[in-house]
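Subject: Structure for you to look at

Hello,

Here is the structure I promised to pass on. Please open it beside this message and follow along; my notes come after it.

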Amino acid sequence: MIDFLAAAGAAAAQPPIWLQILPWVAIFAVFWFLMIRPQMRQQKAHQEKISGLKRGDEVVTAGGLVGKITKVEDNFVELELAKGMKVRAVRNTIGEVLSGTSAKPAND
């Protein structure tokens, strides 16, 4: 009788395997929709911005420098930060494209 109760208790204690896997699937789904998917969209939008760079665009680099593009190469862009001051920047470090035409400063 004791063997029967021990065997019945052991068999009833384990839920089906799909019930054990279901919480992990749910956690992955939450991570996918709240973290991974939006990051992929943001990365795709940034790549589209970078591929559409052209001469004359005003941009902000990841370091916070604001300049106007004077030359576009495969991996680099040349930025004019001030009149006569040009620097080369890695194309992927462009964070934001402000406009296609430069706005005049307020003090000029």
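Leaving aside residues up to four places away in sequence, Val 59 touches Leu 53, Leu 65, Val 66, Gly 67, Ile 69, Leu 79, Ile 94, Glu 96, Val 97 and Leu 98. Bear in mind that this is a predicted model. Val 59 lies in strand 1. Is Val 59 buried or exposed? Its relative accessible area is 0%, and buried means under 20%, so Val 59 counts as buried. One of its contacts, Glu 96, is 37 residues away along the chain, yet the C-alpha atoms of Val 59 and Glu 96 are separated by 5.7 Å.

You can go through the pairs one at a time:

- Strand 1 (residues 58-61) pairs with strand 2 (residues 66-72) over 3 bridges, in the antiparallel sense. Here Glu 58 stands opposite Lys 68 of strand 2.
- Strand 2 also pairs with strand 3 (residues 76-82), again antiparallel, over 4 bridges. Ile 69 stands opposite Leu 79 in strand 3. The two strands are joined by a hairpin through 3 residues.
- Strand 3 and strand 4 run antiparallel and are joined by 6 bridges. Ala 82 has Met 85, in strand 4, as its bridge partner. The hairpin of these strands has 2 residues between them, and Gly 84 there takes a positive phi near 85°.

Two notes on rings. Arg 88 lies over the face of Phe 76, at 4.2 Å from the ring centre. The structure also holds 1 aromatic pair.

What does the UniProt annotation for residues 17-36 say? The entry, which is unreviewed, labels them "transmembrane region". In the model, that span is 100% helix and 0% strand, and its end C-alpha atoms lie 27 Å apart.

Regards

Terms used:
Residues numbered from 1 in each chain as written. Predicted model: local features only at pLDDT ≥ 70, side-chain atom pairs only at ≥ 80, totals over all residues. Heavy atoms only, no water. Pairing = 2+ DSSP bridges. Phe/Tyr/Trp six-rings, centres within 6.5 Å; stacked < 30°, edge-to-face > 60°. Lys NZ or Arg CZ within 6 Å of the ring centre and 35° of its normal. UniProt positions renumbered as here; feature names shortened; annotations may be inferred. Buried < 20%, exposed > 50% of the residue type's maximum accessible area, 1.4 Å probe, protein only. Contact = heavy atoms within 4.5 Å.
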